[in-house]
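User: Please take a close look at one part of this structure for me. I would like to follow the sheet and the helices around it.

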Amino acid sequence: MKLLVDSGSTKADWISIDETGKVLFTTQTLGLNPEVLGKDQVIARLEDKFDISHNKKSVSHLFFYGAGCGTERMKNFLAGIFKEYFPNAVVSVHEDTYAAVYATTPRNEKAIVAILGTGSNCSYFDGVVLHQKVDSLGYIAMDDCSGNQFGRHLIRGYYFNKMPKDLATAFEKAHDLEADVIKHNLYKEPNPNAYLATFAKFLIQHKGHEFCKKIIYSCMEDFVELYIKQYENYKDVPVHFIGSIAFYLKDELEEVLGKHKIKVGNVLRRPIDGLIAYHSLSK
C-alpha cells in the first residue's frame, strides 16, 4: 500500500493506492506543517483518522508533499516522525511545490510553478529538476499573495479604521473580530497562518468591492515582481498555479500576469489527484 499526501497548513489530503494504482481509500487530516507543529501534534492528527491509524503497518511507501518542508531540517524532522509511525514504510518527504509540479506538468515541460493557498511559493521546473531562488521564511516574513496575507490585510484594515463602513459591517457579521479572540488564535492556538487564511474567503466573496480589489491586485503585483520575475525566462514558459487563492481568483491572476506578458498555464485547486498518475507502477 502506498500513501500519497498533499499537505498545506490548513488541511492534508491523503490517498492510498495499491500496486496497480487502484484507490483504496481517501481521507483528510488537519495540515501537517512542521514549521508550526511539534511531534505530538503531528501524531495526534494521524491518530485522529481511523483509515490512517488502522493501516499504518500496511504502508510500504509514503510520499509526502507538504508546506513547511522547504529545508532539510524540516524534511528530516517530519520524515523521522513518519518512519516511527509507519514502521514498514519507505518514507519520502518533499516540499509541496513538487506535488504542484507533478500535477501541472504531466509531460515534464519547462514551467514556473506557483502555490497560492494558505501560504505561497514559486519555483522553476526545468523538466527534470526543481529550482527555487527564494527560500521561504514563512507566513510572518513572506507568503505574499497568500490566504494568510489576505487575512492579515483585512484585519489590519478593519482595526486601523481603513475599511469602508459597509464592508466593515459585513466583516463583523462574518467573523468574530473581538481583539481577545483574534489574539488568542494568533498567539495561543496552533497554525496561526491557517487561522489568518480563513478570512480570505470573505475577501474573495467581496472581490468586487474597491477595498478588496485593491488588496488583491496589489498582492498579485508583488507576487509577480518578487517571485515570478526572479526567473529570467518568465515570459518564455507558462506559469502554473495550485491552490484555492489562485483557483478562485483566476480571472484576476490572468489580468495581472497578462499586463506583464506572462502566460498563465494550468490553475488547479489541489494537486492530489494528479499524484496518482505520477506514482503509478512505472515510477
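Analyst: This is a predicted model. Start with the sheet. It is open and has 5 strands, in the order β8-β7-β6-β9-β10. Their pairing is mixed. At the edges sit β8 (130-131) and β10 (264-268), and each of these pairs on one side only.

Now look at β10 and its partner. Strand β9 covers residues 239-242 and pairs with β10 in the parallel sense, over 3 bridges. Find Val 239: it stands opposite Val 264 in β10.

Next come the helices that lie across the strands. Helix α4 (residues 96-104) lies across β6 (111-116), β7 (120-125), β8, β9 and β10. Its direction makes an angle of about 125 degrees with β6. Helix α10 (residues 210-226) lies across β6, β7 and β9. Relative to β7, α10 runs at about 35 degrees.

Last, turn to helix α12, residues 250-259. Its buried residues are Glu 252, Leu 253, Val 256 and Leu 257. They lie on the same side of α12, because they cover an arc of only 120 degrees around the axis. The spacing follows a general rule: an α-helix has 3.6 residues a turn, so residues three or four places apart point the same way. On the other side of α12, Asp 251 and Lys 259 are exposed.

What covers the buried residues of α12? The cover includes strands β6, β9 and β10, along with helices α10 and α11 (244-248). Just after α12, Lys 261 has a positive phi of about 60 degrees.

Conventions:
Residues numbered from 1 in each chain as written. Predicted model: local features only at pLDDT ≥ 70, side-chain atom pairs only at ≥ 80, totals over all residues. Heavy atoms only, no water. Pairing = 2+ DSSP bridges. Helix = DSSP H or I, 4+ residues; strand = E, 2+ residues; numbered from the N terminus. Contact = heavy atoms within 4.5 Å. Axes fitted to C-alpha atoms, helices over the stretch in contact; angles between N-to-C directions. Buried < 20%, exposed > 50% of the residue type's maximum accessible area, 1.4 Å probe, protein only. Arc of directions from axis to C-beta.
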